[in-house]
Each structure stands twice: as C-alpha cells, then as structure tokens.
Amino acid sequence: MYRTLKTRFRAKKEVIDKLFECNRISAEVWNECLRLAKEHHLKTGKWITKTEC
C-alpha cells in the first residue's frame with residue numbers, strides 16, 4: 001500500500017522546473033521496471049519477487 005501526503009509549498013520557478021524534471025525521470029524508471037517485469041512474466045509465467053534482481 002502506498003500512502004501519500006500532499007503538502008503545499010512555495011519555491012522559485014527554477015526549483016519547480018527541476019522537481020518536474022526529476023518527476024519525469026522517475027516516471028521513466030518506473031515504466032522501464034514495469035516493462036521488464038511484464039517481459040519476465042511473459043517468458044516465465046511468474047512475476048519478479050523482491051529477492052530477484
């Protein structure tokens with residue numbers, strides 16, 4: 001389960017832009033992880049576990 005707490009804060013435009021850039025990069029990493037997990041599942045019929053690399 002994921003828990004999220006939304007908080008308002010103020011920052012300069014440059015900082016906000018950098019945060020959005022970091023968010024885009026993390027989304028790319030997440031999507032690649034999902035792609036690899038699905039590929040593994042299609043090949044083996046099993047999902048990757050926490051102990052597998």
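User: What makes up the secondary structure of the chain, and how are its elements defined?
Analyst: The chain has one helix and zero strands. Helices are DSSP runs of H or I with at least four residues, strands are runs of E with at least two, and both are numbered from the N terminus. This is a predicted model, in which local features need pLDDT of at least 70 and side-chain atom pairs count only at pLDDT 80 or more, while totals for chains, interfaces and linings use all residues. Residues are numbered from 1 along each chain as its sequence is written, and side-chain values use heavy atoms, leaving out hydrogens and water.

User: How does the radius of gyration of the chain stand against that of a compact globule?
Analyst: The chain has 17 Å, whereas a compact globule of 53 residues would have a value near 10 Å. The radius is taken over C-alpha atoms, and the globule rule is 2.2 Å times the number of residues to the power 0.38. Along its principal axes, the C-alpha trace spans about 50 × 20 × 15 Å. Within helix H1, residues 13-44, sits Leu36; its C-alpha atom is 19 Å from that of Arg24, 12 residues away along the chain.

User: Why is Leu36 called partly exposed?
Analyst: Its relative accessible area is 39%. Buried means under 20%, exposed over 50%, and partly exposed in between, with a 1.4 Å probe and protein chains only, so Leu36 at 39% is partly exposed. Buried residues make up 2% of the 53 in the chain.

User: What makes Arg35 part of a network?
Analyst: Arg35 meets Glu32 in a salt bridge at 2.8 Å, N to O, and Glu39 in another at 2.9 Å. Glu32 is three residues from Arg35 in helix H1, and Glu39 is four residues from Arg35 in that helix. Glu32, Arg35, Glu39 and Lys43 are linked in a network of salt bridges. The whole structure holds five salt bridges. Arg35 has a relative accessible area of 41%, Glu32 has 35% and Glu39 has 32%, so each of these is partly exposed.

User: How many side chains are positive and how many negative?
Analyst: There are 13 positive and 7 negative side chains, with the centres of the two sets 9 Å apart. Lys and Arg count as positive and Asp and Glu as negative, without His or the chain ends. Each charge is placed at NZ of Lys, CZ of Arg, CG of Asp or CD of Glu.

User: What makes the nonpolar surface patch, and why can Trp30 belong to a patch?
Analyst: Tyr2, Trp30 and Leu34 make a patch of about 400 Å². Patch residues have over 30% relative accessible area and no salt bridge; nonpolar side chains (Val, Leu, Ile, Met, Phe, Trp, Tyr) are joined within 5 Å, like charges within 9 Å. Trp30, in helix H1, has 48% relative accessibility, so Trp30 passes the area limit.

How values were computed
Areas by Shrake-Rupley, 256 points an atom, 1.4 Å probe, with all protein chains shown as cover. Salt bridge = Lys/Arg side-chain N within 4 Å of Asp/Glu carboxyl O.
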